[in-house]
Amino acid sequence: MKLVRITLLCKTLCVIALLIFSTQEAYLQSLVQPDSTDQLRERLSVPDTLISVGYGHYKVGELTSAISVLSMEEFNQGLIADPALLMQGKIAGMQVYNRGGDPNMASLIRIRGLSGYAQRSPLIVIDGIPGASLQNLDPNDVAKITVLKDGSAQAIYGIRASNGVILIETHDGKDGQKALTVSYSGQAAFSSPYAGIPVLNADEFRAIGGTDFGASTNWLDEVRRNGTSQTHSLVLSGRQANTHYRLSGNYRNVEGVLNKSGFEQLNVRANLSSELFDESLKVHLSAAYTDRSSQLGFVEAFRYAASTNPTAPIFAVDAPFPYDTERFGGFFETNGLFDAYNPRALVDLNDRDGQLQVLTTAALLEYKLKPELSLNLRYAYQDQFSNERAYYSPQSLFRGTFFPIDETDGRAELDDRQDQFSLYELFANYQKTIGKTKWQFTLGTSYQDGEHLDNYLQLTGFSNPELIGIRRINDYQNWEQEAISTDTINNGWSDKLSAFYGRAHVNLDDKLMLNASLRYEGSSKLGENQKWGLFPSIGAAVDFTKLREIPNVDQFKLRLGYGITGGIPGQGGLSRNRIVLVEKDNVLLRSDTIRRANPELKWEEKSEFNVGLDFQMGKLRGSLDWYSRKVKDWISPDPFFFRGSYLNQDAIRSSGIELKVDATLYDSEALTYNSGMILSSYQSKFVDLENDQRFATGVGGLIQDPSMPIVEGGELGDIKAAVFLVAAPDGFPAFDDVNQDGMIRTNTDDLLDPEGDFVIVGNGLPDFELGWYHQLQHQDWQLQVLFRGAFGHSLVNRYRLTQEPETFFDRQNYNFVNTELAVENLRVRRFSSLYVEKADFLKLDYIQLSRTFSLGSGSKRRDLSISLTGQNLFVISNYTGVDPEPVLEDAGPTSNGSEQFDANNRNLLAPGIDRRNSYLPARTLVLGVGLVF
């Protein structure tokens, strides 16, 4: 497997080299000719550009770690509501996925693969505030994104940095010179859904002998739509003497392609900075607020649109036999069938909505005690409240009604979550140049105090949808009177973080750079005896072009770095006893301990070594990184005891390579053409397992879920299955007797046997991923294009597994998936290699054509820009499922109206299972306009 990955990567590199550099010899010579000094200073890769590294800034040429930077000009274009999607396909080693494009689903972000079990996401730092909410940031307000990718860069953030650190800087108005500048930007977008899973139409279903209800219904058309969206942004910014400011307001109204899905959002952000006392004191004040109302919708509708009998009518009045037209709200339902619901009724009769309000405020005082010494004091506060409301009508067969029909029909689920924290930081920066040596030191302390509350209420026998709009559960006191029964779960914890940190950086005449940092940090989420950890890092870099002249080479810098970082769980209290009190009529009946305390529970620890090379040869520039990391002491529940503790156990070792190349392929007064590519490849293996005889999923053997073994030395994402050969005469699948012992065993021991008949038939993680971007500038016209792809990963196509074999019973009642991979005469469902597909893809993420106009002159000049963007216009892939993008986390099985895991409880160790609850991708056309005056 590893040899195959290396071969694929080498082939791709060769193809890229031919694409970019297969031009005339004279042009190749011009490509490596150095730019002029002015041209060099315009590029991000020049050594003089300042880069944020956390609690300070270094010049690009001084970096010793793997750090990537995106400026505003490099952001992805189009209708982008999630700031994470600004980076998709632009940073080597970073995975950003939102499969299907659900507008209410946060993008999954990983940096260099899976880096922990308890902590699932990178640490987000917005304008210096660690832990700031990405949901309180409109993409229009983002000015620059810096990603700390390796351990030596991340260690300054200590116990929360193992999954990577993303530093986001917002616009602050510093660039403006006028007292007042007003700018407006707006977008109108139109989305059209993809075709979806190919299934039989009504005539085809009748032809195979399916039950005929007399109608011809395209169920997918009943639950999908063309979405229309709009965004508006108004910005006031300016400068007056030593004070500059920026105030922005952003409005978004986004429709998903699933009926009753989308959101409406208002966001405001204010930044104010001033210099006082002869510029000795700098004051930075900021505030941001977001109010969002969402229609979360029911993605299950897409699943049932693919499985429901296409001859069934939508409405009960069209039933071919006597039918109670009022029982299910006027809709036709096939009563008694397992896991069968009218998709249109599911959407129309029920509601699932959410609200989000986030407030973030901050103040930073920077006082220069001396020209080389500054003292910084920061305070920040954040309050985030969100709720989710689901209402299932008493007339809804899906989750709303029960058999026999009684007063318990009707159901509601209400969930409130609130997170607050206050941050206090004090740090000093010292910078001194002695001769040709520059010394930089940082020393500081940080304290963060947070609180989380989670209230959940389920109502059975509930039929008052007007109450669902209540913002907080506790705002209404008579829930018991509205329902036959109620179930309540209240959960909460406090979260305290305290840290002391320091960093030293030495630059010897831009030839040799040395960097070291140390953070000592503790968390209240950890065990009583293991609250504190030490997180060191060290790095060095040498630029050989400064030591001796290398013809046609402007930079050739070698970097080495090593660092240790930590990871802690999102949930608090895992190290303590958890006791459930059982009451009846306010009388305590008993107390049950469902989790035992573990005072030795410590942080997850990642140690990482990185070797990097930064190079520039005139108009060709790039970087190459190789890393090796080990993440140990994963925080996970004891798998052998029902009431066990959370433990530190198991580890994973990863290594990978990242390449970024940019080139100016053509440069003249009339036309400039820049192109670049990123490539990433990594591999993760299980090591130091406490028990290496288990599976990442519930063992489904031949029938249901794939077997994904967790074994010592095995790869994360390996999919194990029997090898399909043919359909036997009796309709059963025939499998390959791999070990030639005359039989195929199906029990757990045989699944784990490396010499058995179950073999690795794929892996859910890509062998490599790429982003290929282009930018052409012709006077006032600009064209931008981004291609993005992933190769080598496999997906378990659950649609095919459950709906492709034409079993006798299903043939009468359920629709079938109709792909070219279907095997004739296969009548029995058994999981095997037949349903594991290679999902390589290359897609056009976006193409944008824009033009700017200058209206008027002098003080009356106005700048107008117009753009047309196409997003997700086409995908090249042989995968027969909904979306070929990798599935990095498993949401778990669902059937008969059950619910999948939420984002915080998905299985990180089972990538590659494409469940049937997938949002339908869409093509989007965006018309944009901008005006500055």
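Hi everyone, let me start with Phe-427, which is buried at a relative accessible area of 5%; buried here means under 20% relative accessible area, with a 1.4 Å probe and protein chains only. Before I go on, this is a predicted model, where local features need pLDDT of at least 70, side-chain atom pairs count only at pLDDT 80 or more, and totals for chains, interfaces and linings use all residues. Residues are numbered from 1 along each chain as its sequence is written, and side-chain values use heavy atoms, leaving out hydrogens and water.

Now, the rings. Rings of Phe, Tyr and Trp (its six-membered ring) pair if their centres lie within 6.5 Å, with planes under 30 degrees apart called stacked, over 60 edge-to-face and the rest tilted. That rule gives 29 aromatic pairs. One of them joins Tyr-55 and Phe-427, edge-to-face, at 5.4 Å centre to centre and 70° between the planes. Tyr-55 sits in the loop between strand 1 (50–52) and strand 2 (57–59) and Phe-427 in strand 17 (residues 411–434), so the pair ties together parts 372 residues apart in sequence. For the numbering, helices (H or I, at least four residues) and strands (E, at least two) are DSSP runs counted from the N terminus. Tyr-55 is buried too, at 8% relative accessibility.

Next, Tyr-341 and Phe-398: their ring centres are 5.3 Å apart and their planes at 85°, so this pair is edge-to-face. Phe-398 is buried, with a relative accessible area of 2%, and Tyr-341 counts as buried at 8%. Both belong to a cluster linked by ring pairs, together with Phe-298, Tyr-304 and Tyr-392. Thanks, folks!

How values were computed
Buried means under 20% relative accessible area, exposed over 50%, partly exposed in between (1.4 Å probe, protein chains only).
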